[in-house]
Amino acid sequence: MNESPPERAPGPDERGAPVGRRVVLGMLGLGVAGVAAGPYLQRAADAVLAGVSDKDPTGLTGLLPGGGFRYYSVVGSVPTRTAADYTLAIDGLVDRPSTLGLADLQAMPQTRIVHDVQCVTGWRVPGTPFEGVRLSHLLDSAGVRPGATAVRFTCFDGSYSESLTLEQARREDVLVALRMQDRPVTHEHGGPVRLYVAPMYFYKSAKWLSGITLTSTVQPGYWEHYGYDVDAWVGKSNGRDDAPTG
């Protein structure tokens, strides 16, 4: 589950290509070398599969027949947060910084969105329900100061981050999600609270959300330092557009 940074930024074709093709080609290459490699082959095969999975920021390379998701993290392990000890800090260029608990978020107006989850590598999970507080509601409650143009998100895994422009963050289909697939967001899915940005590739929907910071400029997130798009709209080539979801 640990993630080592790619040696180079992925090119545009690699960012959008389905993972399955790369896995097949990699395994074929290992098969040719199998006779000579002997006991090293299995370790190499595991590395191919692990390497491809690790470069999938959503874990959807491990999509199960039953519609499940593979556990994924960019660090070796992630601490668990419960209703008793979870907190979400809202700070930066705001009039009223605050720290919210899970009960505080649950008491706010909730919005339910049913939308496809689209991975940048080509996988999709159709019709996935998310429910939570609109990010725009939290921003309005905090009071956005003049000069704020973007929002930075941090996570209690200690490494992952993401960002949106203020305009993107105020969309009706961007949630601080408490529920996924009509049940509380589990730890494996980034719970108890995660970000959900419906019209963008899933790496924008940061798991294990712990901080929302208003900033003067967009600060690229974890994967964007390795070449992923900052504005990660799902393209119409995938049968989707960026129209807000009702």
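1. Accessible area here means the area found by the Shrake-Rupley method with a 1.4 Å probe. On that basis the protein exposes about 11400 Å², and carbon and sulfur atoms supply 55% of this area. Please keep in mind as you read that the model is predicted.

2. The protein holds seven helices and ten strands. Of its 246 residues, 48% are buried. Take the contacts between residues at least 6 apart in sequence: 68% of them join residues at least 24 apart.

3. Five bridges join S5 to strand S6 (residues 161–165), and the two run antiparallel. Within this pairing, Arg152 stands opposite Ser163 in S6. S5 and S6 form a hairpin with five residues between them, and Gly158 in the turn has a positive phi of about 90°.

4. S5 also pairs with strand S10 (residues 209–215), again in the antiparallel sense, over six bridges. Here you can look for Thr154, which stands opposite Gly211 in S10.

5. Next, helix H6 (residues 135–142). Which of its residues are buried? They are Leu135, Ser136, Leu138, Leu139 and Ala142. These residues cover an arc of only 160° around the axis, so they lie on the same side of H6. After the helix comes Gly143, whose phi is positive, near 80°.

6. Gln118 deserves a look of its own. This residue lies in strand S3 (residues 111–118). Is Gln118 buried or exposed? Its relative accessible area is 2%, and buried means under 20%, so Gln118 is buried. Its side chain makes a polar contact with the side chain of Arg124, at 2.9 Å.

7. Now to the aromatic rings: a search of the whole structure finds nine aromatic pairs. In one of them, the rings of Phe130 and Tyr196 have their centres 3.8 Å apart and their planes at 10°, so this pair is stacked. The pair links distant parts of the chain, with Phe130 in strand S4 (residues 124–134) and Tyr196 in strand S9 (residues 194–197), 66 residues apart. Phe130 is buried at 1% relative accessibility, and Tyr196 is buried too, with a relative accessible area of 1%.

8. The rings of Trp223 and Tyr226 meet in another way: their centres are 6.1 Å apart and their planes are at 70°, so the pair is edge-to-face. Trp223 counts as buried, at 1% relative accessibility. Both residues belong to one aromatic cluster, formed by Tyr160, Tyr203, Tyr222, Trp223, Tyr226 and Tyr228.

How values were computed
Residues are numbered from 1 along each chain as its sequence is written. Side-chain values use heavy atoms; hydrogens and water are left out. Buried means under 20% relative accessible area, exposed over 50%, partly exposed in between (1.4 Å probe, protein chains only). Helices (H or I, at least four residues) and strands (E, at least two) are DSSP runs, numbered from the N terminus. The arc is that of the directions from the helix axis to the C-beta atoms. A polar contact is a pair of N or O atoms within 3.5 Å; within protein, one must be able to donate a hydrogen and the other to accept it, and residues adjacent in sequence count only if both atoms are side-chain atoms. Two strands pair if DSSP finds at least two bridges between them. Contact means heavy atoms within 4.5 Å. Rings of Phe, Tyr and Trp (its six-membered ring) pair if their centres lie within 6.5 Å; planes under 30 degrees apart count as stacked, over 60 as edge-to-face and the rest as tilted.
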